[in-house]
Amino acid sequence: MTDTWRGDVRPPGIDAGERETLLAFLDYLREAVAAKATGVPGEAARAPGVPSGTSLLGLVKHLTAVEHNWFGWAFAGEGDEPLDDEVPPAPGETADGLLAAYRAAADRSNRIVAACDRLDRPGARSLRETPAPTLRWILVHMIEETARHAGHADILRERIDGSTGR
């Protein structure tokens, strides 16, 4: 195993308003996921690391769809249907392409957040059988969702090549 310790990148130290703080933590976690999937040979990044079938690139593709579904489809009301967030990477999809799509989805989500005047504004619709959640709820949910999968990515990457650190 190669020790490619990335270092202990700390959460953002920010003394700002609620919106900026929530986005800073979400961006921090997004980058943690992307860093874990960067530099891994294609087949290793695509290979399931646990019996459930989860892979590094599968996590990236899942989070890309989830970004679109919560910020674009549910909050902003874009598109007719949410994306399927359970589709594994296709054979022709590369790590670079999936990571670029994830970063583009995150950038789009951040633009949607920046354009909203209030965090307590409900979205256009819900992905659940509940009233449309507020932007604040979506941001907190996405922090939770991304953090959970960043932890999965930590374990998968360590199993692949011994890399540790955030």
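**Close-up 1. The aromatic pair of the predicted model, formed by W70 and W137.** The structure, which is a predicted model, holds one aromatic pair. Its two members, W70 and W137, are arranged in a tilted fashion, with 5.2 Å from centre to centre and 55 degrees between the planes. Because W70 belongs to helix 3 and W137 to helix 5 (residues 135–161), the pair ties together parts that are 67 residues apart in sequence.

**Close-up 2. The charged end of R125 over the ring of W73.** In this view the side chain of R125 places its charged end over the ring of W73, at 4.0 Å from the centre of that ring.

**Close-up 3. The salt bridge between R136 and E18.** A search of the whole structure finds 12 salt bridges, and one of them joins the side chains of R136 and E18, with 2.7 Å from N to O. The pair links distant parts of the chain, since R136 lies in helix 5 and E18 in helix 1 (residues 18–37), 118 residues apart. R136 is partly exposed, with a relative accessibility of 31%, and E18 is likewise partly exposed, with a relative accessible area of 40%.

**Close-up 4. The salt bridge between E67 and R30, and the network around it.** The side chains of E67 and R30 meet at 2.8 Å, N to O, in a salt bridge that connects helix 3, where E67 is found, with helix 1, where R30 is found, across 37 residues of the chain. Both of these residues, E67 and R30, are buried.

**Close-up 5. The salt bridge between E144 and R148 within helix 5.** Here the side chains of E144 and R148 form a salt bridge of 3.5 Å, N to O. The two residues stand four residues apart in helix 5, so about one helical turn separates E144 from R148. E144 is partly exposed, at 38% relative accessibility, and R148 is also partly exposed, at 40% relative accessible area. Elsewhere, salt bridges with shared partners join D27, R30 and E67 into one network.

**Close-up 6. The largest pocket and the residues that line it.** The largest pocket has a volume of about 250 Å³ and a lining of 14 residues, among which T54, G58, L59, H62 and E86 lie nearest its centre. Helix 3 (residues 56–75) provides the largest share of this lining, namely three residues.

Methods:
Residues numbered from 1 in each chain as written. Predicted model: local features only at pLDDT ≥ 70, side-chain atom pairs only at ≥ 80, totals over all residues. Heavy atoms only, no water. 1 Å grid on protein atoms, 1.4 Å probe; cavity = no way out; pocket = protein on both sides within 12 Å on 5 of 7 lines; lining within 4 Å. Points joined across faces, edges and corners; volume = space filled by probe spheres on them. Phe/Tyr/Trp six-rings, centres within 6.5 Å; stacked < 30°, edge-to-face > 60°. Lys NZ or Arg CZ within 6 Å of the ring centre and 35° of its normal. Salt bridge = Lys/Arg side-chain N within 4 Å of Asp/Glu carboxyl O. Buried < 20%, exposed > 50% of the residue type's maximum accessible area, 1.4 Å probe, protein only.
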